Amino acid sequence: MEKNLRTNSLSEIERVLKTRLIHDTHELAKRLELDEIVTPTTEKAAKITPTLFPESLLNRVQKGNAEDPILLQFMPSPHELEITPNFSCDPLCEQKLDVSERQTASSSPSCIMQKYYGRVLVITTNACACQCRFCFRRYFPKNRALFPLSKEQITGSNEDESNVSALLDNAFETVRKDDSISEIILSGGDPLTLSNKRLKTLLHYIGTITHVKRVRFHSRIPVLSPHRIDDDFPSSEDFPPVEVGVPRVLHLVLHVNSPNEIDEGVAVALSILRRKGFVLTSQTTLLKGVNDDVKELTALFEKLINLGVLPYYLHQLDRVQGSAHFETTIASGREIIEELSVRLPGYAVPRYVREIPGRLMKTNLFIDRDVD
Ligand code: SF4
């Protein structure tokens, strides 16, 4: 029963994403002519954190290259089984962040977290189009999502939309009461695994909270499966101004780590998003063996600015257990930023940051030399 529900749910996600999802490590390796890299140890790693890879990304991976910078991000590795001191299952201490204590209608854990002044983050869904092996939310509780993984929740296909209104009323109760909150960040999982209908319902609902001026999506999907961005995708019309002449802002932060991820299909998806009124910025995680190289990052950020996307954050790896093999030193990250600043226009050089739990803002590692 559970298995059927999961199968059905995932096929619904595949329909939303407009691509098949590969769950089998053997299939992924075989299609890339790399059968030999699947071993009992990689299989053990995939049991802990299952493989998930969108078929739409396959043709951007070089066949026969086990060190391909895209593949390394998604292929289970024997290193994931190593336990590393100072790495944890919740490196940003997010599981303690919860606005439900401030709510009256519910005592269950909330899908909404507040880390910084004026902004809240919504775990919209636990579904994703991929499984990044360095994901800091890979151990995040599944029951904290607004629309947890199920067919009806993702597609908006259940008839009784009154349930959804009650769900949203409950989830956003604190936000509605707190007029210091001007921005809502839709995260996950990946919010773009939700159907256009679901996303529009969500935007229309948020639109009724008049003090919210900006909605920001965090997504990897325009890169992973660019056809997902279709003509029916939400636009600024789904988040209209409260006052005439004072527009509200839709913003999408694109997660992208390698210049090889960006092809013509991605360029089209980004141009549709811009046409629909989205402000586009990017975030990149600095990953050893993937992009810890000035040439690679220069190519990535140049491609992004040429497509109208401002590189915003370069993240130092969040220390989630099983990802230590991706970690670079902060000293080498600073050197990379220095070199990028010579090669690129200032607006193309992202802020090199780390999130330190409890701090009221992200720490800029290039400026704050006390952190190492
Ligand atoms: S796309 Fe983001 S949320 Fe999804 S697995 Fe990757 S890092 Fe995690």
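Which helix does L270 lie in? L270 is part of helix α10, residues 264–275. The structure shown is a predicted model, in which local features need pLDDT of at least 70, side-chain atom pairs count only at pLDDT 80 or more, and totals for chains, interfaces and linings use all residues. Residues are numbered from 1 along each chain as its sequence is written.

Figure 1. Helices (H or I, at least four residues) and strands (E, at least two) are DSSP runs numbered from the N terminus. L270 is buried, with 23 other C-beta atoms within 10 Å. A residue is called buried if 20 or more other C-beta atoms lie within 10 Å of its own, exposed if 12 or fewer, and partly exposed in between, with C-beta atoms placed from the backbone. Apart from neighbours within four places in sequence, L270 is in contact with P222, L280, L307, G308 and V309. Contact requires C-beta atoms, placed from the backbone, within 7 Å. D178 is 92 residues from L270 in sequence and 33 Å from L270 in space, C-alpha to C-alpha.

**Figure 2. The whole chain.** The chain has twelve helices and eleven strands. Its radius of gyration is 20 Å, close to the 21 Å that the globule rule gives for 372 residues, so the chain is as compact as a globular protein of that length. The radius is taken over C-alpha atoms, and the rule is 2.2 Å times the number of residues to the power 0.38. The C-alpha trace spans about 50 × 50 × 40 Å along its principal axes. Buried residues make up 38% of the 372. Of the contacts between residues at least 6 apart in sequence, 78% join residues at least 24 apart.

**Figure 3. The largest nonpolar core around V122.** Such a core is a set of buried Ala, Val, Leu, Ile, Met, Phe, Trp, Tyr and Cys residues joined through C-beta atoms within 7 Å. Among the 80 residues of the largest core, V120, V122 and I184 touch the most other members. At least three residues of this core come from each of domain 1 (2–81) and domain 2 (94–364). Beyond four places in sequence, V122 is in contact with C111, I112, L146, I184, I185, L186 and S187.

**Figure 4. The boundary between domain 1 and domain 2.** The domain bounds come from an automatic or database domain assignment. The C-alpha centres of the two domains lie 23 Å apart. Domain 1 gives 29 residues to the contact and domain 2 gives 31. On the domain 1 side, α1 (2–17), β2 (53–54) and α4 each give two or more residues. The largest share of that side, seven residues, comes from α1.

**Figure 5. Backbone geometry at G188, G189, E33 and C93.** Most residues other than glycine have a negative phi, and most peptide bonds are trans. A cis peptide bond joins G188 and G189, with omega about 20°. G189 is in the loop between β5 (183–187) and α8 (196–207). E33, in the loop between α2 (25–31) and α3 (40–48), has a positive phi near 55°. E33 is exposed, with 11 other C-beta atoms within 10 Å. C93 also has a positive phi, near 50°, and lies in the loop between α4 (71–74) and β3 (112–113). C93 is partly exposed, with 13 other C-beta atoms within 10 Å.

Note on methods:
Contact = placed C-beta atoms within 7 Å.
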